Amino acid sequence: MARFYKQAVVAKLAEAPVVPVFYHKDAATACAVLKACYEGGVRAFEFTNRGDFAHEVFAEVVKFAARECPEMAVGVGSVVEPGTASLYMQLGACFVVGPLFNPEVARVCNRRQVPYVPGCGSVSEVGAAQEAGCEVCKVFPGDVLGTKFVKGLMAPMPWSKLMVTGGVEPTEENVKGWLGAGAFCVGMGSKLFPKDRVEAADWQYVTDKCREALSYTR
């Protein structure tokens, strides 16, 4: 079961509006990255459902977080159907993220008070997701839609909480650009943990990058 429910997760995103997006087939590596992000100030971590037996790795990450990173909300990404969402929620997912909006995923997440953050590429999709109970919507792919999309949407829908993912970089110009346009938070992938740094187990680099990215949100 989730350790943090909807309002608590949204509060964590507001407090530390950078969400690492990560996948690795090795549980020990995934746990080390999660710990490094936590030490850098991150409080919501998205582990993506992108490989064989990813749910088994996720289960180990959730158990590790409960022991070593007590304030970290661990969520799952790349979810496109309700069965997968239910599986990960049973394993302790505190939030569910997808590249698209599926109303059936919203239904199963709402039942358990777990936030569903669907990928949306239009104003209408964001509106439909909000009607289905999605408090935070993912603008994806962010580098394709751009800051003008976020700013344009926020003008008539200022209540919207948008998490931009896709091409977001841990630089002052990029992070402040998104937040300045009205984004609620940002999701970052490989820019936070380059492959060579992960292979070298350079966890201090990951911690420093997370801390640096978060400094641009204040």
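## Strand β3, covered on both sides

Both faces of β3 are covered, with Ala73, Gly75 and Gly77 buried on one side and Val74 and Val76 buried on the other. Buried here means under 20% relative accessible area, with exposed over 50% and partly exposed in between (1.4 Å probe, protein chains only). In a regular strand, side chains alternate between the two faces of the sheet. Since 5 of the 5 residues of β3 (residues 73-77) are buried, the strand is largely enclosed by the rest of the structure. Strands and helices are DSSP runs numbered from the N terminus (E, at least two residues, for strands; H or I, at least four, for helices).

A word on the model: it is predicted, so local features need pLDDT of at least 70 and side-chain atom pairs count only at pLDDT 80 or more, while totals for chains, interfaces and linings use all residues. Residues are numbered from 1 along each chain as its sequence is written, and side-chain values use heavy atoms, leaving out hydrogens and water.

## β3 and its partner

Strand β2 (residues 44-48) runs parallel to β3, and 5 bridges join them; strands pair if DSSP finds at least two bridges between them. Phe47 stands opposite Val76 in β3.

The structure holds 6 aromatic pairs. Rings of Phe, Tyr and Trp (its six-membered ring) pair if their centres lie within 6.5 Å; planes under 30 degrees apart count as stacked, over 60 as edge-to-face and the rest as tilted. Phe22 and Phe45 make a tilted pair, 6.4 Å centre to centre with 55° between the planes. That pair links distant parts of the chain, with Phe22 in strand β1 (residues 18-22) and Phe45 in β2, 23 residues apart. Phe22 is buried at 6% relative accessibility, and Phe45 is buried too, at 1%.

Tyr23 and Phe47 are also tilted, because their ring centres are 5.5 Å apart and their planes at 50°. Phe47 counts as buried at 0% relative accessibility, whereas Tyr23 is partly exposed at 26%. Ring pairs link Tyr23, Phe47, Phe58 and Tyr88 into a cluster.
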